[in-house]
Structures are given as C-alpha cells and as structure tokens.
Amino acid sequence: MKNIVSVTWVKEHLNELTVIDCRFHLPAPEKGIAEYKEQHIPGAHYMDLNKDLSSSVGTHGGRHPMPDFKELHHKLEKIGVHDDSKVLIYDDQNGAMASRLWFLLKVLGHEHALIMDGGYSEWVNQGYPVTTDVPQQEKRGNLTMDLKEDLLIDMESVRSNLTAFKRGGSYLLDAREPNRYNGIEESIDKLAGHIPGALNFFWMENIENGKWKDTEALNERFGQLEPSKEIVVYCGSGVTACPMFVALKEAGYEKVKLYTGSWSDWISYTDNPISSIKN
C-alpha cells in the first residue's frame, strides 16, 4: 500500500520519521491530549482535531471547517516538518483523525505522509516502546507551501453538480453510517438525510479487524465506480470522509475531491434539498 504502513515498519524506521499523534475523541475533546500526555510513541508530537486541524465554527462551513492553511503550515514547520520529511501519522480511531492530517498535508503540497495501520493500540499490542517525553524541536523546518485547492470543493460547487451526481456523470459519496445516510437517525446534526444523488459508502467498511483492507479488497469495494469520473466525498463534518479519500487513492482513483463542510455545512443552507428514505 502506498499510504499505509505497518507498526513494524514504523518501529524499524522511527528515526527517519516525523511522528504526529492525532488521537481525538469527538464526545470528549480533551481526552486525546490527555492520552498523549499519559504515553505516546517516542518522538511523537501532538496535533488536535479542533485546535490544529480545523478552524472556528461559524454559521456555514460545518462542524470542522478547514484550518487556516498558513497557520497549519506554521505549526508543522515549528515541529520540524520540512520538504523531505516523511511524516508518520497515527491515531486510535481507525485512521479517521490521521487521515484528516494526511489529507491536509496533501492540500499543502507535501507528498511524504504515511498513516500507521492499526493505530496506537496496535503499537502497544506489539510491545513497542512508549514514553511520556514531549520532544523539543531545536530546528524549525522549511516546508514549501504549494496549495492544492483543486482537492477541495465547496457547497456551491456541489449544488451546481447535483444533476451530474444523479445521472452518474460524476460521483458523490457519503461516508456516514447507513442509518444517518438514510435519514433513519441523526445523533449529531440538526437534520437527517443525505445530499440528493449521493451513494452511501460507509468509511468504516474500509477497515477490517482494526486494519485497513488491502488494495485488492478496496478495488473490489469501489468496483462500480469508473476511474475516469470525478468523485466527491463527504461525511458529517469533513473528517471521516478523509479515510474514504485515502482508500480511494489506495484503490487507484485519481479524480477525488473533498466537500470540506460536508453534511453539517449542506444543511446550514435552508434552501438546499435533502433526500432520505422518508421522502
């Protein structure tokens, strides 16, 4: 796999990597940093979904708007990330948070980002070393920022492409669990349902027994999607759509974009249409 590496590989190459811990719990935002302080992989820095990988919530933009990329760039340089850095990212949320940072690095133009398969629990299960030491960065990194804004798509663009999505000219993939997609239940956002024309590909089905499915299995999963067509992925707030983005890339799909605000942004516009099994 191109973007996913095993804990064994990480252990063998640890000294060559800039490691970032992205553990985060949506219901308990301070739990991730508390876990990091308790123990983490040696040399790992910490980045927080709300504070580092998102910007402030507003009327529109969803529950986890894209961060200010200049600020994120500054933070990455501050912990030593440079143009040649191999950035190893891990979480303990089946790759959801790690994929968010992986995606943001891609937007910044950095191509050397990797996600640790199995997350922190797998590292611990293998008996590999952990520490409470917080690394002190002596030298600031020099990271070229070359924004790839073509990886991002906003609400207006999604709305203008609804006909194409419905007719299959391009694809809109909803990464949320089926009950939320179908409008049967909605425990997070104010309205239930999905964007008209969206196909449901639950992001957790990229994972099996805590590990990412291999490329062959992902190819089979996405077999109905034509690689020549554009694919837009979304979820509730633009976080769990990121592991979908990673999985599609692993399966060889190149024309993939993220609807940054996702469902929580879509429903913030009262005139946007909604589909569900109820209507």
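Strands S6 and S12 (residues 256-259) run parallel and are joined by two bridges. The model is predicted, so local features are given only at pLDDT of at least 70 and side-chain atom pairs only at pLDDT 80 or more, while totals for chains, interfaces and linings use all residues. Residues are numbered from 1 along each chain as its sequence is written, and side-chain values use heavy atoms, without hydrogens and water. Helices (H or I, at least four residues) and strands (E, at least two) are DSSP runs, numbered from the N terminus.

**Sheet**

- The open sheet has five strands in the order S6-S12-S11-S7-S8, with parallel pairing; two strands pair if DSSP finds at least two bridges between them.
- Its edge strands are S6 and S8 (199-200), each of which pairs on one side only.
- Ile153 stands opposite Tyr259 in S12.
- S11 (residues 231-234) pairs with S12 in the parallel sense over three bridges, and Val233 stands opposite Leu258 in S12.
- From S11 the chain crosses through helix H10 (residues 241-250) to S12, and this β-α-β crossover is right-handed: with the strands pointing away from the viewer, the path from the first strand over the helix to the second runs clockwise.

**Nonpolar cores**

- A nonpolar core is a set of buried Ala, Val, Leu, Ile, Met, Phe, Trp, Tyr and Cys residues joined through side-chain atoms within 4.5 Å.
- Buried means under 20% relative accessible area, exposed over 50%, and partly exposed in between, with a 1.4 Å probe and protein chains only.
- The largest nonpolar core has 74 residues, and Phe103, Phe222 and Val233 have the most contacts inside it.
- Helix H4 (residues 96-108) gives the most to this core, with ten residues.
- A second, separate core of 15 residues includes Met155, Tyr234, Trp263 and Ile267.
- Beyond its neighbours within four places in sequence, Val233 is in contact (heavy atoms within 4.5 Å) with residues including Leu173, Phe245, Leu248 and Tyr259.

**Helix H3**

- In H3 (residues 69-78), the buried residues are Phe69, Leu72, His73, Leu76 and Glu77.
- Seen down the axis of H3, these buried residues fall within an arc of 135°, so they line one face of the helix; the arc is that of the directions from the helix axis to the C-beta atoms.
- The exposed residues Lys70 and Lys78 are on the face of H3 turned away from its buried side.
- The buried residues of H3 pack against S2 (17-21), H4 and S6 (152-153).
- At the start of H3, a side-chain oxygen of Asp68 comes to within 2.9 Å of the backbone nitrogen of Lys70.
- Gly80 follows H3 and has a positive phi, near 100°.

Terms used. Polar contact = N/O pair within 3.5 Å; in protein donor to acceptor, adjacent residues only side chain to side chain.
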